[in-house]
Amino acid sequence: MSGPREIIQRLVDDRTGTVLVELIDALSTNVTHFFREDHHFKFMREKLLPDLVKRKKASGDATIRIWSAACSTGTEPYTIAIVVKEFFDSFLGWDFKILATDISTKVLGIGAKGIYSTKDLETVPKTYLTRYFRKIGGRHEEGGYQVNPELRNLVTFRRFNLLTQDYPFTRKFDLIFCRNVMIYFDQPTKNQILQSMQKHLHASGYLFTGHAESLGRAVKGFKHVEPAIYIKV
Ligand SMILES: C[S@@+](CC[C@H](N)C(=O)[O-])C[C@H]1O[C@@H](n2cnc3c(N)ncnc32)[C@H](O)[C@@H]1O
């Protein structure tokens, strides 16, 4: 087992950046589950998606972009994909995509494969399990499920550090989920992230935070809508 001295030395010696990525993976708290903080998804179904579709149709814009900004193992972006898919049924005529980012390459690998254990899927309603997952693994293997390609194709997984100075996204997002990650940052860091997200949201775009997180008074450009839901103003 390496002590702090050895770890620092490995970091100093490593020119590839691999050790840093390993360290970040080991230190990240990746706790997440499907349909976490379900209030957000109820709000999406009942209020946000009907309004968004009306606005998009009125302006002749058929693109919908959602960013899951600290997506962990993918349970958050796949939950979003299920909610949106259930709402639209068919995406005919729509250009819909979810960008799922995280700093940890380990969790991004899990998300890209979309393979989850029976335990991971405990919070997924049975109808969705049948509709969006397929059972994998033989009789003697640990049972598991994989997200169907139909849903996997809606989500792109990429590594992205939220502390990056200038966010490189060329297109704006309609919704940003930045949940249960800001608790790890101090207020100035949070302010910087929130200002960047505000810039990358469409007018009247929504920001979802974790229910235990608050934006803080200094952050401008958002109006509180419901617990942990903000709209760009
Ligand atoms: C507790 S999980 C939250 C996952 C999901 N958003 C949810 O609410 O279920 C926090 C995630 O934030 C990621 N993270 C931590 N610091 C980050 C940073 N600077 N940039 C991007 N992701 C980060 C971690 O790797 C971890 O996967």
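Which strands does helix 5 lie across?

Helix 5, residues 105-113, lies across strand 2 and strand 6 and runs at about 165° to strand 6. Contact here means that C-beta atoms, placed from the backbone, lie within 7 Å. Helices (H or I, at least four residues) and strands (E, at least two) are DSSP runs, numbered from the N terminus. Axes are lines fitted to C-alpha atoms, for helices over the stretch in contact, and angles between N-to-C directions run from 0 to 180 degrees.

This is a predicted model, in which local features need pLDDT of at least 70, side-chain atom pairs count only at pLDDT 80 or more, and totals for chains, interfaces and linings use all residues. Residues are numbered from 1 along each chain as its sequence is written.

An open sheet of 7 strands has mixed pairing and the order 6-2-1-7-8-10-9. Strand 6 (155-159) and strand 9 (222-226) stand at the edges with a single partner strand each, so one side of each lacks a neighbour in the sheet. On average, neighbouring strands of this sheet are turned by 20° against each other, direction ignored.

Strands pair if DSSP finds at least two bridges between them. Strand 1 (residues 63-68) and strand 2 (residues 95-102) run parallel and are joined by 6 bridges. Ile-66 stands opposite Ile-98 in strand 2.

Helix 3 (residues 39-59) and helix 4 (residues 75-88) have axes that come within 10 Å and cross at roughly 35°. In their contact, Phe-41, Met-44, Arg-45 and Leu-49 of helix 3 meet Thr-79, Val-83, Val-84 and Phe-87 of helix 4.

How values were computed. Contact = placed C-beta atoms within 7 Å.
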